[in-house]
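User: I would like to learn how to read strands, helix packing and backbone angles in a model. Please take one feature at a time.

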Amino acid sequence: MTAPWDEAEDQNIMQTLKKTKRKSMIRSILISVTVSVLMLIIVFFGAAQLVGHLSSNALYSEQRYMRISSPNEFNSGFRDNRGFLSGVMELQTYKIVDAVPIPWKNRWLNYNAWWFPFTTGAYGGSNSLTVEDPSMKQEGYEYYRGYNSYNGQREMAFYIPGVDYGGRILNDLPELDKMNEDKRVEFAISFDKDYSFEEVKGLLPAGAKPVWYWVDTYDEREGFNFKPYPNENDPAKMNYPTPMNANYGVYGFGVQPDWAQAKPEDFIGAVQIGVDKKDNHHSEYLRIFNYLKKDKPAPEAGDVRILGVVVTGTADGLKSLKGQTYVRGAALGAVVDKY
């Protein structure tokens with residue numbers, strides 16, 4: 001028979017054990033919560049640092065690529081929508097036409113850690129639209145003129161020397177006679193053949209200010225459909241190549257908003273940096289690098305051959321280009337008032 005004091009002692013021991021167990025459980029929960037919170041803070045802080053690094057790399061990569069792939073187009077700012085281990089960046093661009101800036105387009109760029117399969121979001125689409133030109137249709141052109149989808153301005157077109165376009169090559173220089181003489185105008189001038197940089201400087205008249213030089217980077221012209229090919233629906237009819245659009249497939253170098261000098265070494269240097277950095281555009285940089293250098297260790301300034309230029313000036317000043325034998329094509333770009 002258990003004594004009354006033994007029962008009381010047992011109860012005290014049980015209560016003490018329960019209290020100890022409860023305290024231990026609470027302590028474990030608090031430790032687990034604290035560790036979890038600290039781990040989440042570390043993970044999110046690390047992810048934020050990584051995303052910041054990815055964002056900077058994506059921005060600098062796109063800015064470098066724009067310098068060789070965007071004729072007379074410059075970055076004016078950006079918005080960065082960051083998520084967990086990924087983000088989407090919106091870049092705003094503008095053009096300068098004879099000292100007059102024109103808002104041009106928005107570019108969207110996704111970035112994420114290579115091992116992270118999800119992205120914050122993908123935006124964008126085509127930055128140009130096409131509108132049927134009755135005169136071009138009447139003359140048998142197989143393509144439409146491109147327009148900027150943000151402001152309705154014309155997009156430039158470029159014609160590669162030696163490529164058979166079936167005689168369908170734009171010459172918009174006569175349009176200058178219909179404009180007010182003070183209009184500020186941008187033109188893509190395609191040459192009859194490739195020239196050296198020094199030769200181009202001697203070709204252009206004073207009224208046409210070169211702001212961007214189009215470089216020959218076309219190593220595999222067959223791959224670009226640079227020859228006429230049979231029409232699938234009518235084998236007796238031939239389809240002809242279309243010009244290179246300013247948004248894709250043209251590379252070169254030009255002046256910058258804060259630097260009015262341009263030289264072939266700028267292009268070679270930009271390509272060399274792209275080869276070294278090994279970013280998203282590395283394959284294109286490497287292709288251009290190898291094409292320019294041929295069998296040499298590295299390309300030289302003399303390897304940069306100019307196929308055309310982007311010029312700006314007044315409508316009156318650009319009339320000096322009419323009748324020049326080296327002008328194979330002249331596609332009108334942006335047009336703006338001085339004020």
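User: Which residues of β12 are buried on one side, and which on the other?

Analyst: In a regular strand, side chains alternate between the two faces of the sheet. In this predicted model, Y251 and F253 of β12 lie on one side and G252 and G254 on the other, and all are buried, leaving both faces of the strand covered.

User: What is the order of the strands in the open sheet?

Analyst: Strands of a sheet pair through backbone hydrogen bonds, in either a parallel or an antiparallel sense. Here five strands form an open sheet in the order β12-β8-β13-β7-β14, and the pairing is antiparallel. β12 and β14 (327-336) are at the edges with a single partner strand each, so one side of each has no neighbour in the sheet. From one strand to the next, the twist averages 25°.

User: How many bridges join the strands, starting with β8 and β12?

Analyst: Going along the sheet, strand β8 (residues 209-215) pairs with β12 over four bridges, with W212 having G254 as its bridge partner in β12. β8 and β13 are paired over six bridges, and P210 stands opposite V311 of β13. Between β7 and β13 there are eight bridges, and I189 faces V309 of β13 there. Strand β7 (residues 184-195) is joined to β14 by seven, with V327 of β14 as the bridge partner of F191.

User: How many residues of strand β13 are buried?

Analyst: The cut-off for buried is a relative accessible area under 20%. Eight of the nine residues of β13 (residues 306-314) are buried, so the strand is largely enclosed by the rest of the structure.

User: At what angle do the axes of helices α4 and α5 cross?

Analyst: A pair of packed helices is described by the angle and the distance between their axes. For α4 (residues 264-277) and α5 (residues 282-293), the axes come within 8 Å and cross at roughly 130°. The two helices are therefore oblique to each other, and their crossing is left-handed. Among the residues making the contact are F267, A270 and V271 of α4 and Y285, I288 and F289 of α5.

User: Now the backbone angles. What is the phi of N72, and what is the phi of A99?

Analyst: Most residues other than glycine have a negative phi. N72 has a positive value, near 55°, and A99 has one of about 75°.

User: Where do N72 and A99 lie, and is each of them buried or exposed?

Analyst: N72 is in the loop between α1 (4-69) and β1 (74-82) and counts as buried, at 3% relative accessibility. A99 is in the loop between β2 (86-97) and β3 (100-112) and is exposed, with a relative accessible area of 68%.

Technical notes: Residues are numbered from 1 along each chain as its sequence is written. This is a predicted model: local features need pLDDT of at least 70, side-chain atom pairs count only at pLDDT 80 or more; totals for chains, interfaces and linings use all residues. Side-chain values use heavy atoms; hydrogens and water are left out. Two strands pair if DSSP finds at least two bridges between them. Axes are lines fitted to C-alpha atoms, for helices over the stretch in contact, and angles run from 0 to 180 degrees between N-to-C directions. Buried means under 20% relative accessible area, exposed over 50%, partly exposed in between (1.4 Å probe, protein chains only). Angles under 35 degrees count as roughly parallel, over 145 as roughly antiparallel, 65 to 115 as roughly perpendicular and the rest as oblique. A crossing is left-handed if the near helix is turned anticlockwise from the far one by less than a right angle, and right-handed if clockwise. Contact means heavy atoms within 4.5 Å.
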